[in-house]
Amino acid sequence: MDQSNIEEIVRQVLNSMGDGSVKTASGSNASAVPTSIPKTAHVAVLTALEHFDVKEYPIPPVGDGDILVKVEGCGVCGTDAHEFRKDPFNLIPVALGHEGTGTIVAMGKDVRKDSAGKDLKIGDKVVTCMIFHDNPDITMFDLNKQNVGGADVYGLLPDDDVHLNGWFSDYLFVRKGSTIFNVSDLDLDSRILIEPCAVLVHAVERAKSTGILRFNSRVAVQGCGPIGLICIAVLRTMGIQNIVAVDGNEQRLEFAKRMGAERSVNFMNYKGIDALAEAVSDAFDGHLADFAFQCTGNPHAHSNIYHFVRNGGGLCELGFFINGGDATINPHFDICSKELTMVGSWVYTLRDYATTFDFLKRAKAIGLPMSDLITDKYPLDQINEALKKNLSMTGLKIAVVNKD
Ligand SMILES: [Zn+2]
């Protein structure tokens, strides 16, 4: 980067300070405004299977519609783990990390509002959602109808000449046409959890579309990894009390209770599906569930969950983010004669993303231990260890967090 680029960035920083936005910012944000922007950024690039290199790239000049974000932290997603092990999307070399958050340190003169219409200024804490290359002028209303599954996100982009494309880094270069949200009113842990929580906010929206899930429903949640645990939290913030958690790990079941499950069933204690279904029924005082959420990626778990649901009940399958193989069911007993209503759920819409901010505030307000979901934090230069920890399945949410 040459001298004129640096001058341009300095000019942008001074310009944005000149409109008074920084001076009027709340005290906590104002103190977080960095005084200088370095010439280079450090980006963790997956250069080979199971190997990241932290590379140094020049920070490009910030154009009129661009935003430069100083990264605070980023969660490790199951998708990152798949890329790390097998590169199923054929992206290597790739800058990963899509569950990230940070502080705006520079922005172009055309940037005034976030994707929800909230003011944006230097010093604000932000998260990104999907990028629409085809139509950067697409409206919020249109976005509501689209599922993020078909769009690009930072952290899963092919490498290009900008390079600052993923949140496992110290700076992210947010280009014109990206969605971005001002989440300055959420703490760092909450902001790191936005993306996985949006998956559950979406799943519960899908469940509500059946008309079966109500505030007083009996709800079974199978699988108490991060997805199942957050599912319980979302249900609790809706006022649903009667939740039974099903898992094979006692520690996770204890956590499920802290998240709001009334009772738990450890499937390791039961032999055969009939005994397990009876245990679930016992946990509901002799009733089967009105509704069940399937949050594991195990086909046997899919086959089992039909047995937990009453006649006329509902089911949401959200555990298979990737192809986990075929499951065996009995169409007569499991679906037809039971008159079961089933929905599938995958990823989220932009509207779910925005709804998730309020979910996180409510979860905190009613005392759910959301921050405890983040069990391990690693600095950027230990990203390989962070991914290995994720693969070891010994923690819950693993995060990469920068030092300052
Ligand atoms: Zn993710």
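Is Val280 buried or exposed, going by its C-beta neighbours inside 10 Å?

**Entry 1: Val280 and its surroundings**

I began with this residue in what is a predicted model. I found 26 C-beta neighbours inside 10 Å of Val280, and it therefore counts as buried. Val280 belongs to helix H8, which I traced over residues 273-283. Leaving aside residues up to four places away in sequence, I listed what Val280 touches: Ala220, Val244, Val246, Val265, Ala289 and Phe308.

**Entry 2: The whole protein**

I then stepped back to the overall counts, and noted 12 helices and 17 strands in the protein. Of its 404 residues, 46% are buried. I also looked up the contacts between residues at least 6 apart in sequence, and 72% of them join residues at least 24 apart.

**Entry 3: The parallel sheet**

I next followed an open sheet of six strands, whose order I wrote down as E12-E11-E10-E13-E14-E15, with parallel pairing. Strand E12 (263-266) and strand E15 (341-344) are at the edges, and because each has a single partner strand, one side of each is left without a neighbour in the sheet. From one strand to the next, the twist averages 20°.

Within this sheet I checked strand E10 (residues 219-222) against strand E13 (residues 289-294), and found that they pair in the parallel sense over four bridges. For Gln222, I noted that the bridge partner in E13 is Gln294.

Helix H6 (residues 226-237) touches E10, strand E11 (243-247) and E13, and its direction makes about 160° with that of E10. Helix H8, where I had started, touches E10, E11, E12 and E13, and its direction makes about 170° with that of E12.

**Entry 4: Helix H6 and its helix partners**

How do H5 and H6 lie relative to each other, and at what angle do their axes cross? I found that the axes of helix H5 (residues 188-208) and H6 come within 9 Å and cross at roughly 55°, and the two helices are therefore oblique to each other. The crossing in which H5 passes H6 is right-handed. On the H5 side I recorded Pro196, Cys197, Val199, Leu200, Val201, Ala203 and Val204, which meet Pro226, Ile227, Ile230, Cys231, Val234 and Leu235 of H6. Sorted by class, this contact of H5 with H6 has 13 nonpolar residues, with no polar and no charged ones.

I then turned to H6 and helix H11 (residues 350-365), whose axes come within 10 Å and cross at roughly 80°; H6 and H11 are therefore roughly perpendicular to each other. Ala233, Val234 and Thr237 of H6 make this contact with Phe359, Arg362 and Ala363 of H11. By class, the contact of H6 with H11 has four nonpolar, one polar and one charged residues.

**Entry 5: The antiparallel sheet**

I also looked up an open sheet of three strands, in the order E2-E1-E4, where the pairing is antiparallel. Its edge strands are strand E2 (51-58) and strand E4 (94-95), each of which pairs on one side only. Strand E1 (residues 40-48) pairs with E2 in the antiparallel sense over eight bridges, and there Val43 stands opposite Lys55 in E2.

**Entry 6: Backbone details in the loops**

In the loop between E1 and E2 I came to Glu50, which has a positive phi of about 60° although it is not a glycine. Since 13 C-beta neighbours lie inside 10 Å, Glu50 counts as partly exposed. Lys86 counts as exposed because it has 10 C-beta neighbours inside 10 Å.

Another positive phi, near 55°, belongs to Asp285, again a residue other than glycine. Asp285 is in the loop between H8 and E13, and with 9 C-beta neighbours inside 10 Å it counts as exposed.

Lastly, I noted a cis peptide bond joining Ile92 and Pro93, with omega about 0°, and placed Pro93 in the loop between H3 and E4.

How values were computed
Residues numbered from 1 in each chain as written. Predicted model: local features only at pLDDT ≥ 70, side-chain atom pairs only at ≥ 80, totals over all residues. Pairing = 2+ DSSP bridges. Axes fitted to C-alpha atoms, helices over the stretch in contact; angles between N-to-C directions. Contact = placed C-beta atoms within 7 Å. Parallel < 35°, antiparallel > 145°, perpendicular 65-115°, else oblique. Left-handed = near helix turned anticlockwise from the far one by under 90°. Nonpolar A, V, L, I, M, F, W, Y, C, P; charged D, E, K, R; others polar. Buried ≥ 20, exposed ≤ 12 C-beta atoms within 10 Å, placed from the backbone.
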